[in-house]
There are 2 protein chains.
Amino acid sequence: MRDAYHEELDSLTDKLVEMTRLVRSGISRATTALLDSDLQLAENVISRDEEVNTLFNEVETSILELMARQQPVAVDLRMIITALRMGTDLERMGDLAVHVAKVARLRHPDSAIPPELRSTIVEMGQIAESLVTKAGSCVATRDVDSALELKHDDDAMDRLHRKLFRSILAKDWQHGVEPAIDITLIGRYYERYADHAVRVAESVVYLVTGSRPS
Amino acid sequence: MRDAYHEELDSLTDKLVEMTRLVRSGISRATTALLDSDLQLAENVISRDEEVNTLFNEVETSILELMARQQPVAVDLRMIITALRMGTDLERMGDLAVHVAKVARLRHPDSAIPPELRSTIVEMGQIAESLVTKAGSCVATRDVDSALELKHDDDAMDRLHRKLFRSILAKDWQHGVEPAIDITLIGRYYERYADHAVRVAESVVYLVTGSRPS
């Protein structure tokens with residue numbers, strides 16, 4: 001049987017995995033809100049980010065309690081340090097989903113996404129979801145090999161990000177400056193979201209091996 | 001006389017204050033590189049960010065050692081938790097200065113900043129420097145009142161950020177899409193830099209009072 005201390009460490013992991021689920025759902029719904037110009041869904045993403053923040057507060061509180069009552073060593077110590085870092089990354093991913101939803105809300109009932117860029121945004125949303133899902137499963141399983149794969153998936157996001165820029169800067173871009181700004185910011189939000197997912201996976205590598213991937 | 005343990009905690013504070021100095025210098029030089037289209041200075045900002053990353057690694061190592069060898073309680077425990085958070089914010093501020101420098105490098109020998117926006121960028125650079133300087137002094141002194149003031153200074157940054165957007169979206173914007181994208185990203189970098197400086201100050205409030213400013 002696990003003792004109370006290890007149960008608390010497990011519960012910390014569970015909370016982080018739950019955070020990955022919430023921010024996956026956030027970016028998924030934000031992408032749909034953006035593509036469908038769905039105001040209600042956008043509002044829903046914005047208001048529900050509070051759940052992510054609440055969970056992060058719980059993670060922080062658990063960490064303080066664990067540290068105050070125990071003297072964690074070795075891998076448990078790294079667990080506490082990395083939990084804080086993973087929580088910070090995941091909380092930020094929730095914010096980035098909110099930023100995407102806010103662009104959808106700002107342009108409603110119009111769409112911020114010109115027809116020819118819809119498929120790129122769909123793909124960026126899918127990669128974001130895939131990255132955070134994999135990150136969540138790495139947190140749960142502590143599987144270093146899977147964690148190291150995320151960097152590779154993130155390259156696909158970077159390629160799509162560059163593709164977005166090429167479209168805005170192409171000679172046949174006909175939508176003017178305002179949609180270009182929206183697309184610039186949206187592209188950046190997805191790219192940052194993916195970066196944070198990679199960082200979560202890198203924290204898993206650090207947790208298990210004691211050193212960060214180069 | 002301070003014992004070894006408290007000397008280590010002091011040294012942690014010193015390292016964080018040194019990080020604020022480095023990232024202040026980074027954003028200051030990045031702003032100049034941007035305004036003067038100075039390629040060498042831009043390269044200098046980009047290469048010297050390594051110093052910030054090295055210091056952050058030292059902060060993390062100190063924290064792990066402190067936690068492994070001691071059983072910190074109360075305010076010392078919060079110091080360790082907040083040092084990690086402050087270090088993460090400051091490391092990101094270094095990255096954001098690098099992002100600004102990279103735009104300068106990308107557009108060199110041209111300038112990314114149209115003449116009519118130069119004064120706004122000058123101001124954003126000054127506020128960024130002022131915010132991180134104040135944050136650094138809050139970290140050193142643990143002065144809660146000063147820390148709470150940063151939020152107010154950050155409002156000035158948000159106003160300038162909105163002003164940038166208004167300029168790009170104005171009917172008389174004559175520079176086309178590419179400079180609009182540059183300005184959108186640059187504006188976001190300064191705004192994020194300022195947000196992280198505010199977070200550093202908020203961590204000082206948490207360190208001293210045990211609760212975060214609302």
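Helices here are DSSP runs of H or I with at least four residues, numbered from the N terminus. With that in hand, welcome to the tour of this predicted model.

**Stop 1**

Start by selecting R142(B), which sits in the loop between α4 and α5 (144-169) of chain B. Look at its backbone: phi is positive, about 55 degrees, although R142(B) is not a glycine. Most residues other than glycine have a negative phi, and most peptide bonds are trans. Is R142(B) buried, partly exposed or exposed? Its relative accessibility is 33%, so R142(B) counts as partly exposed.

Now jump to chain A and pick R142(A), placed in the loop between α4 and α5 (144-169) of that chain. R142(A) has a relative accessible area of 32%, which makes it partly exposed.

**Stop 2**

Next, select H108(A) and P109(A) and show the backbone between them. The peptide bond from H108(A) to P109(A) is cis, with omega near 5 degrees. P109(A) belongs to the loop between α3 and α4 (118-141) of chain A.

Then move to chain B and select H108(B) with P109(B). A cis peptide bond joins these two residues, and omega is about 5 degrees. You will find P109(B) in the loop between α3 and α4 (118-141) of chain B.

**Stop 3: arginines over tyrosine rings**

Show the side chains of R212(A) and Y206(A). The charged end of R212(A) sits over the ring of Y206(A), at 4.3 Å from the ring centre. In chain B, turn to R212(B), which lies over the face of Y206(B), 4.3 Å from the centre of that ring. How many aromatic pairs does the structure hold? Over all chains there are 0 aromatic pairs.

**Stop 4: a glycine inside chain B**

Select G87(B), in helix α3 of chain B. G87(B) is buried, because its relative accessibility is 0% and buried means under 20%. Which residues does G87(B) touch, leaving aside those up to four places away in sequence? They are L16(B), M19(B) and F56(B). While you are here, draw a C-alpha to C-alpha distance from G87(B) to V52(B): the two are 9.4 Å apart in space and 35 residues apart in sequence.

**Stop 5: an arginine with contacts in both chains**

Move along chain B to R188(B), in helix α6 (residues 177-209). R188(B) has a relative accessible area of 8%, so it is buried. Display its surroundings: not counting residues up to four places away in sequence, R188(B) touches R92(A), H99(A), L185(A) and Y189(A) of chain A, along with H161(B) of chain B.

**Stop 6: the largest cavity**

The structure holds 5 cavities of 30 Å³ or more, and the largest contains about 210 Å³ of space. To get there, select R92(A), R192(A), H196(A), R92(B) and H196(B), the closest to its centre of the 16 lining residues. The elements giving two or more residues to this lining are α3 (74-107) and α6 (177-209) of chain A, together with α3 (74-107) and α6 of chain B.

Terms used: Residues are numbered from 1 along each chain as its sequence is written. Chains are lettered from A and ligands numbered from 1 in the order in which they are written. This is a predicted model: local features need pLDDT of at least 70, side-chain atom pairs count only at pLDDT 80 or more; totals for chains, interfaces and linings use all residues. Side-chain values use heavy atoms; hydrogens and water are left out. Buried means under 20% relative accessible area, exposed over 50%, partly exposed in between (1.4 Å probe, protein chains only). Contact means heavy atoms within 4.5 Å. Rings of Phe, Tyr and Trp (its six-membered ring) pair if their centres lie within 6.5 Å; planes under 30 degrees apart count as stacked, over 60 as edge-to-face and the rest as tilted. A charge sits over a ring if NZ of Lys or CZ of Arg is within 6 Å of the ring centre and within 35 degrees of the ring normal. On a 1 Å grid over the protein atoms alone, a cavity is a set of points where a 1.4 Å probe fits but cannot get out, and a pocket is an open set with protein on both sides within 12 Å along at least five of seven lines; lining residues have an atom within 4 Å of a point. Grid points are joined across faces, edges and corners, and a volume is the space filled by probe spheres set on the points.
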